[in-house]
Amino acid sequence: MRERPVVSVAEQMVEVLRQAGVERVYGVVGDSLNPVVDAIRRTEGISWVHVRNEEAGAFAAAAEAELSGRLAVCAGSCGPGNTHLLQGLYDAQRSGLPVLALASHIPSGQIGTGFFQETHPERVFTDCSSWCEMVSTPAQLPRLLRIAVQHALGAHGVSVLVFPGDVAAQPAAGPTGEGRFLTEQAVAAPPWSQVQELAKALNSVRKVALFCGAGVRGAHAEVMETAAALQSPVGHSLRGKEWIQYDNPYDVGMSGLLGYGACHEALHEAELVLLLGTDFPYDSFLPQARTIQVDHDATRLGRRTPLELAVHGDVSATLRAVLPLLEQKTDRSFLFGMLEKHYRALDGVVGAYTRDIERHLPIHPEYVAAVLDEVAAEDAVFTVDTGMNNVWAARYLTPNGRRRVIGSFLHGSMANALPHAIGAQLACPGRQVISMSGDGGLGMLLGELLTVARHRLPVKTVVFNNGALGMIKLEMLVSGYPEYEIDNGDVDYAAIARAAGIPAKRVTDPAKVREVLAEALERPGPALVDVVTDPNALSIPPHITAAQLKGFALAAGRTVLSGGVGKMIDLARSNLRNIPRP
């Protein structure tokens, strides 16, 4: 097949993106990006997705990469245009997602002169990427772009290609040629000596607890076999929840700032803790002793806690290798004790948020999350705003192996949910995508409602509208600070959405919650439901002492004691019933 002649560097760049399977680029058009945007306009199979803020474009690309596993691309013009990308790129980099950012620069002859909108993107983006280089001449392409693409795919992170706008408009120095990119990587098999050491350690103790992160994706069966052999309780991080909590009779909940149940106790009472595929950042929740860690990334081993043994390998491959060497444990006392503690921990707190919940005013946000979980599709994609919506997602969304939950769980940026939903919907046009937005997060990037309306994306936005920065309010409270400037005001987001052309309803009556949510999810096209919720849902129980109210970790830990945990109480009851008493 004869190659189509390439006119410009920009057209050559777009041709390489098509060879990498890229179907869209998120961004805002303008000045130094115009040659690239025009090349996209003239190229079949790739489109420009116009967002209202480049930050949203980077978040959208991150969500697309998360769901598809393929390279996703965002772009920003010189100066403010590309610096807006930073939040979303930090989120993608910390989540290990293959994202390429095209950061255009001022005219090449003006670099270093303090020209209008001059920044130094080759410096600015180094901390939020694993590869960042600048194109100075057409001769560097297409090679440099191919390196950027493969680095993003191979390192599971962000690549940033910086290029002056005038260079993009110049004639290409040579033909593009053909190039294939590696998308499927080898599975890290653990050294046999480490497998033997792992088996020896697990066989030598009576009480083992498993703690699972996002790295157990694809290893659910192996984790369950290991837990059965060791009679071990299984806890998880927030990112591990969707991959390990379902069909798990050994579940003891979640640890961390938003944790619940008996996970923390299980980790601290075990004789040996086995960390599986987790780079859990909150070291204060780990016992800091008697721990073994398994991870496919050797750089993560031991950076959160001292290790008795570090095992370098994919979780599934490691467990398959060690299972034949494990001695079947018959003592169920530790497992049963943790399951019982887990059930009692949940049973002791659920009552306050189930009593008269369908009549309580203002509406309990827990109730909204529980109903949303019930009426959402079995393969729904939930995108979750940072803050209190993380709490509701952690406690009330029921994983089943098909649903996905996406959030800024490692970077913790506000306003991520709606932009994530945009990328998720474009990546998965046939799936139900639900943005669990806080009023603070939605207000921060409110313009992305216009993006949803313009592209007629069937994103369903559910606003948990408590009129305040809820998590910040809690932080101030437990730190002894008076509330100050955390109120968002009484904003009718449904009216704003309708003005943008999105069907929307505002709910103040709890009796209407199920009906309105179900209607919104069933209708074609976009929809928004603005639910006015109780700003004081996380009241502090009186038996917590003042000495305990120090720092955000304890603050978030106390939210566990103040709220319900949805269907997890039923799961805990079922698990307790099905595990024979020791």
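Two strands count as paired if DSSP finds at least two bridges between them. Helices (H or I, at least four residues) and strands (E, at least two) are taken as DSSP runs, numbered from the N terminus.

**Entry 1: the model.** I note that this is a predicted model, in which local features need pLDDT of at least 70, side-chain atom pairs count only at pLDDT 80 or more, and totals for chains, interfaces and linings use all residues. Residues are numbered from 1 along each chain as its sequence is written, and side-chain values use heavy atoms, with hydrogens and water left out.

Entry 2: I looked up the strand order and found an open sheet of six strands, arranged 2-1-3-4-6-5 with parallel pairing. Strand 2 (47–50) and strand 5 (131–134) are the edge strands, each pairing on one side only. On average, neighbouring strands of this sheet are turned by 20 degrees against each other, direction ignored. Such axes are lines fitted to C-alpha atoms, for helices over the stretch in contact, and the angles run from 0 to 180 degrees between N-to-C directions.

**Entry 3: strand 6.** I then followed strand 6 (residues 158–164), which pairs with strand 5 in the parallel sense over four bridges. Within strand 6, Leu161 stands opposite Glu133. Strand 4 also runs parallel to strand 6, and seven bridges join them; Val158 in strand 6 stands opposite Val99. I checked burial next (buried means under 20% relative accessible area, exposed over 50%, partly exposed in between, with a 1.4 Å probe and protein chains only). Seven of the seven residues of strand 6 are buried. One side carries Val158, Val160, Val162 and Pro164, the other Ser159, Leu161 and Phe163, and both faces are covered.

**Entry 4: helices.** I recorded that strand 5, helix 7 (residues 143–155) and strand 6 make a right-handed β-α-β unit. Right-handed here means that, with the strands pointing away from the viewer, the path from the first strand over the helix to the second runs clockwise. Helix 1 (residues 9–19) lies across strand 1 (24–27), strand 3 (72–76), strand 4 (99–105) and strand 6, at about 175 degrees to strand 4. Contact means heavy atoms within 4.5 Å.

**Entry 5: cysteines.** I searched for disulfides (pairs of cysteine sulfur atoms within 2.5 Å) and found zero. For Cys132, the nearest cysteine sulfur is that of Cys128, 7.7 Å away; Cys132 is buried, at 13% relative accessible area. For Cys263, the nearest is that of Cys212, at 9.1 Å; Cys263 is buried too, with 1% relative accessibility.
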